[in-house]
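Let's take a friendly walk through this structure together. Have the sequence and the 3D view at hand as you read.

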Amino acid sequence: LCGARIRHYLLEKVRVCEQQEGERNYHIFYEACAAAASLKFDRKEYHFPQVLSKDKVKEDMVIDLEGFGELTNYAFLTRSTCKTLKDVDDIEMFERRINAMATIGIKKEDVAEVLHMIAAVLNLGNTK
């Protein structure tokens with residue numbers, strides 16, 4: 001791939017709030033929650049990479065996962081009984097996603113802001 005340009009991107013907003021039985025919400029929600037849940041002692045700093053080999057990633061980084069936790073804590077992720085996918089490691093996919101963002105040139109500060117926005121969406125789903 002030499003280059004790409006995104007002109008329009010359609011985000012299914014309804015999918016954030018509702019899923020049909022047997023479907024998951026956006027994968028990044030589950031991946032970030034799995035990464036946060038893997039941390040010990042309520043720490044929120046994820047040292048990337050942990051699953052991918054260091055020679056396969058663009059750069060090492062510490063990722064702040066404040067706002068993420070066990071996926072059962074989020075209303076948006078409990079509307080379906082489908083929590084995991086067969087043969088899919090959500091932590092590995094989280095690392096692949098972070099690496100993909102770094103590979104296309106997204107700065108680690110911007111990756112952190114994207115994750116903060118995703119955590120905000122999950123936490124807003126818990127408001128009544």
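Helices here are DSSP runs of H or I with at least four residues, numbered from the N terminus. Keep in mind that this is a predicted model.

With that definition in hand, start at the end of helix 3: just after this helix, G105 takes a positive phi of about 100°. At the other end, D89 caps the N-terminal end of helix 3, with a side-chain oxygen 3.0 Å from the backbone nitrogen of I91. What about the span of the helix?

Now look at which side chains of helix 3 face inward. Its buried residues are D90, I91, F94, E95, I98, N99, M101 and A102. They pack against helix 2, strand 1 (45–48), strand 2 and helix 4 (108–124).

Together with L85 and M93, V88 makes a nonpolar surface patch of about 190 Å².

Finally, visit another loop, the one between helix 1 (13–17) and helix 2 (27–37), where you will find Q19. Q19 has a relative accessible area of 10%, so this residue is buried, the cut-off being under 20%. A polar atom of the Q19 side chain lies 3.4 Å from the backbone oxygen of V16. Leaving aside residues up to four places away in sequence, Q19 touches R24, N25, F76 and R79.

Conventions
Residues numbered from 1 in each chain as written. Predicted model: local features only at pLDDT ≥ 70, side-chain atom pairs only at ≥ 80, totals over all residues. Heavy atoms only, no water. Helix = DSSP H or I, 4+ residues; strand = E, 2+ residues; numbered from the N terminus. Buried < 20%, exposed > 50% of the residue type's maximum accessible area, 1.4 Å probe, protein only. Polar contact = N/O pair within 3.5 Å; in protein donor to acceptor, adjacent residues only side chain to side chain. Contact = heavy atoms within 4.5 Å. Patch = residues over 30% accessible without salt bridge, like charges linked within 9 Å, V, L, I, M, F, W, Y side chains within 5 Å. Areas by Shrake-Rupley, 256 points an atom, 1.4 Å probe, with all protein chains shown as cover. Salt bridge = Lys/Arg side-chain N within 4 Å of Asp/Glu carboxyl O.
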